[in-house]
Amino acid sequence: MVLQLLLNGLIYGSIIALGGIGLTLIYGILNFGHFAHGDLMTLGAYLAYLFTVQLALPLPFSFVIAGLLTAATANLLDKILYKKLEGRDSVTIMISAVGAALIIRNLILMSWGPQLKFLERGIEMPLVFFDGLLRITRTQIMILILSVIFVTAVHLFLSKTKLGKAMRAMSDNTALAKITGINTERVIFWTWFMSGILTSSAGIFLAMDTHLIPEMGWNLLLPMFAAVILGGIGNPYGAIVGGLAIGISQEISTMFIAASYKPAVAFAIMILMLLVKPSGLMGKKV
Amino acid sequence: MTISGLLSYLIFFLTFAGIYAIMALGLNMQRGFAGLFNIGIAGFWAVGAYTAAILTKSPSPNHLGGFNTPIIISLLAAGIFSAILAFLIGIPTLRLREDYLGISTIGIAEIIRLIFTNEAWLSYGVRGISSIPKPFRDIFGQYYNLSFLALVLIVIAIFYYLSEKGIKSPWGRVLRAIREDEEVAKASGKNVFRYRMEALVFGAFMMGVGGALYAHFTGFISPEAFMPMQTTFIVWIMLIIGGSANNFGVLIGAVITWGIWTGTETITSMLPAQYVTQAAAFRVILIGVFLEIILLNMPDGLFPERKFKA
Amino acid sequence: MLEVNNIRAGYGEIEIIHGLSLTVNKGEIVSIVGPNGSGKSTFLKSIFSLVDIMDGQITFQNEILNNAATDEMIKKGLSFVPQTDNIFPSLTVHENLELGGYISRKKLKDRLDLVYDLFPPLLAKKKKRAGTLSGGQRQMVAFGRALIMKPKLLLLDEPTAGLAPMYIQLILDKVKAINETGVTILMVEQNAKKALEMSDRGYVLAAGVKKYEDSGRALLENEEVAQLFLGG
Ligand SMILES: Nc1ncnc2c1ncn2[C@@H]1O[C@H](COP(=O)(O)OP(=O)(O)O)[C@@H](O)[C@H]1O
Ligand SMILES: [Mg+2]
């Protein structure tokens, strides 16, 4: 039971973590909460649905194209909205993100309707371990492996490449990054791009593990923000740890409270964190 | 349409616009004057609506109720419960940057929705609460809608008066000073947390009362009856179009926005029935694009904030 | 090397610097002193195009510098160390220094070695997050980041602000040492006496205008200056 919940939490947590990395970097670098992040995730999932199911293209190919298109959408939002609102107060920028979120979600609703959709047809037989104590599908194994690969790639990018270090630097101290001669526009562009790819991947994983609905990403926004705050705003490693912690706690919580209240767990953890240590477990900015 | 038909539609329209205007006045207190970020308006609205419904109904086997309280009490209680919720959410967030409040209000709105969906003993779950009493129906008879509009207008007048009075008082001056520069206000010894909390709570009180009026007017509420995020968003548009930190502007913004919103419904309702989902989504897209255009091109809205003498 | 001619600068509409001129010659240490809030930081920032310049001209090696892009200024040989928040706290010491070479990585390794030679304590803390260092060591990181591009002119804003007394002299000695490697220095300093002692020339600022300008020694001996600005 606990083992199964841990596993479910790990999968769910990886999805939150992948989305959270982009959310926290945008937060750190541009200094606002990107409330359309969840709906970008939904967009990625539905684009993958379009390519794999409707156009019958191979899943890996769809995965990449959906990621690129979601990234392009993220860059577009920055170009036509957030960049133009630069210098205005952060609430204005955030409400424009809420607007963007509603627009994206309703475009999806208009194009694909409100019904549940599935990326894969048929029911997959899970592999059973420990006399039925642990069940895991091949899809879930793949999600876990790919998540580890993604997180490792992000880590290598952030710690080894010039652009990655510049991203972390900007997230730390934007003014100093400018003084250092870092091309901040370029860094911002690639931050949106990378966030788009990651959040799209998270959305596709979620769709593979469960199903697609137009609210899927919006429902993950709160857990993602909770993960970001838990790990410290602007800290991508914090978002990964935070994401896993939130995911696992939500699943484990079902041993003690009704499963229908699962979404409240992320909220409760976030509020607790704000009361105890608002800068997050690994963070600095408040 | 006949003259009387037109008139009754107008009354209906103005009543809804008025209820939304109350929400917008509440948001203006929070965002306009205090700079607070509340995107969980639906949560406060729902708490107000359910409080009023549960308090005023006669006993029902389906959910909590049977208190038969008069409407004036239910309105006050709706405001108070909503205010208490705001107080609780303010404690962990108001000392921190504005985004935390925003995120937390989304969370609280979601939890409120979960509670009203799952706790059937309280609220009859997704089936919602129906036959919510319509106050004074017996007295006013066929003029009931008109009398309800009058009630809404009275509530607006009271909140408008209190808001304006508050904002022109020394209290309001400090509030705006905090919004402009928190550090300076802190340095001059102001208790920033307290002022923010008061604005948040007062704004939430208005939203709760607005929710109660909504419940009484429609007679039915359920967790999904009104789209939470959409509702919140429309109130924000009212504020932004009218002009943040200008109560009069916000009232005008409410009427204009409600006009556009219901106007798009009139157009999309002409579409064949199989397109009803698409049409509803399309309306939200339209109003979303409209908001972005306003944000980009009209930062101060129709009625910019008036400059008060210091 | 640097000529500032009758500059007016500030934030948006607010003018803080009201027509200030200053010269820095190659190889010098020049200090700007003055009371808190007199506009020293603003003035230094105006040279690095970090505030709005309303009027006047800045030339560096006979080229106009007004509103130049940051990477251009760095290429021309300027570096700036801000008064506060002058490191990337969550990056390692080594990453902080590397980023100093963001716009050109040619022979970065050699330049990094030079900085470690100048600040040996940093070598042992190479892999530590800069935010975990002591105040004095943070300042070394900040200097190091600015020195990676081998600037001709280094702008330092209060390098000893907030440091423990034991570090103040150490950091000022480092400034001297940097100068001796051929880097010209323009710095703002709160420890006016100490700064003027080691400076070739100094400027005294008050309320955005220049009050005195002389050699460091002469300013120290000037009784008026001593009374008004150096605390007797
Ligand atoms: N970002 C800013 N916006 C507006 N005014 C500022 C800003 N930074 C500093 N000032 C004002 O400019 C004046 C000079 O400040 P500063 O240059 O920091 O002085 P100093 O470095 O000599 O202590 C002060 O009155 C300060 O309030
Ligand atoms: Mg200064």
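This is a predicted model: local features need pLDDT of at least 70, side-chain atom pairs count only at pLDDT 80 or more; totals for chains, interfaces and linings use all residues.
Thr92(A) touches Leu85(A), Arg31(B) and Leu295(B), leaving aside residues up to four places away in sequence. Thr92(A) sits in helix H4 of chain A, which covers residues 90-112. Its relative accessibility is 8%. Thr92(A) therefore counts as buried, since the cut-off is under 20%.

Step back to the chains. There are 2 pairs of chains that touch, and the pair of chains A and B has the most contacts. Chains B and C are not joined by any contact. The closest C-alpha atoms of chain B and chain C lie 16 Å apart.

Stay in chain B for a moment. Val192(B) belongs to helix H10, residues 192-218. Is Val192(B) buried or exposed? At 6% relative accessibility, Val192(B) counts as buried. Leaving aside residues up to four places away in sequence, Val192(B) touches Ile178(B), Glu182(B), Ala185(B) and Lys186(B). Gly79(B) makes another reference point for Val192(B). The two residues are 113 residues apart in sequence, and their C-alpha atoms are 24 Å apart in space.

Now turn to chain C. Its secondary structure comes to 10 helices and 10 strands. The radius of gyration of chain C is 17 Å, close to the 17 Å that the globule rule gives for 232 residues, so chain C is as compact as a globular protein of that length. Along the principal axes, the C-alpha atoms of chain C fill a box of roughly 50 × 35 × 30 Å. Of the 232 residues, 53% count as buried. Contacts in chain C also reach along the sequence. Take those between residues at least 6 apart: 65% of them join residues at least 24 apart.

What does chain C show on its surface? Chain C exposes about 10100 Å², and carbon and sulfur atoms supply 47% of that area. Chain C carries 28 positive and 27 negative side chains. The centres of these two sets lie 9 Å apart.

Next, follow some strands of chain C. Strand S1 (residues 2-11) pairs with strand S4 (residues 52-60) in the antiparallel sense, over 7 bridges. Look for Gly10(C), whose bridge partner in S4(C) is Asp52(C). S4(C) also runs antiparallel to strand S5 (residues 63-64), and 2 bridges join them. Here Thr59(C) has Ile64(C) as its bridge partner in S5(C). In a regular strand, side chains alternate between the two faces of the sheet.

S4(C) and S5(C) form a hairpin with 2 residues between the strands. Which residue of this hairpin takes a positive phi? Gln61(C) does, near 50 degrees. Gln61(C) lies in the loop between S4 and S5 of chain C, and it is not a glycine. Most residues other than glycine have a negative phi. Gln61(C) is partly exposed, with a relative accessible area of 34%.

Key: Residues are numbered from 1 along each chain as its sequence is written. Chains are lettered from A and ligands numbered from 1 in the order in which they are written. Side-chain values use heavy atoms; hydrogens and water are left out. Helices (H or I, at least four residues) and strands (E, at least two) are DSSP runs, numbered from the N terminus. The radius of gyration is taken over C-alpha atoms; the globule rule is 2.2 Å times the number of residues to the power 0.38. Buried means under 20% relative accessible area, exposed over 50%, partly exposed in between (1.4 Å probe, protein chains only). Contact means heavy atoms within 4.5 Å. Accessible areas come from the Shrake-Rupley method with a 1.4 Å probe; for residues, only the protein chains shown count as cover. Lys and Arg count as positive and Asp and Glu as negative; His and the chain ends are not counted. The place of a charge is taken as NZ of Lys, CZ of Arg, CG of Asp or CD of Glu. Two strands pair if DSSP finds at least two bridges between them.
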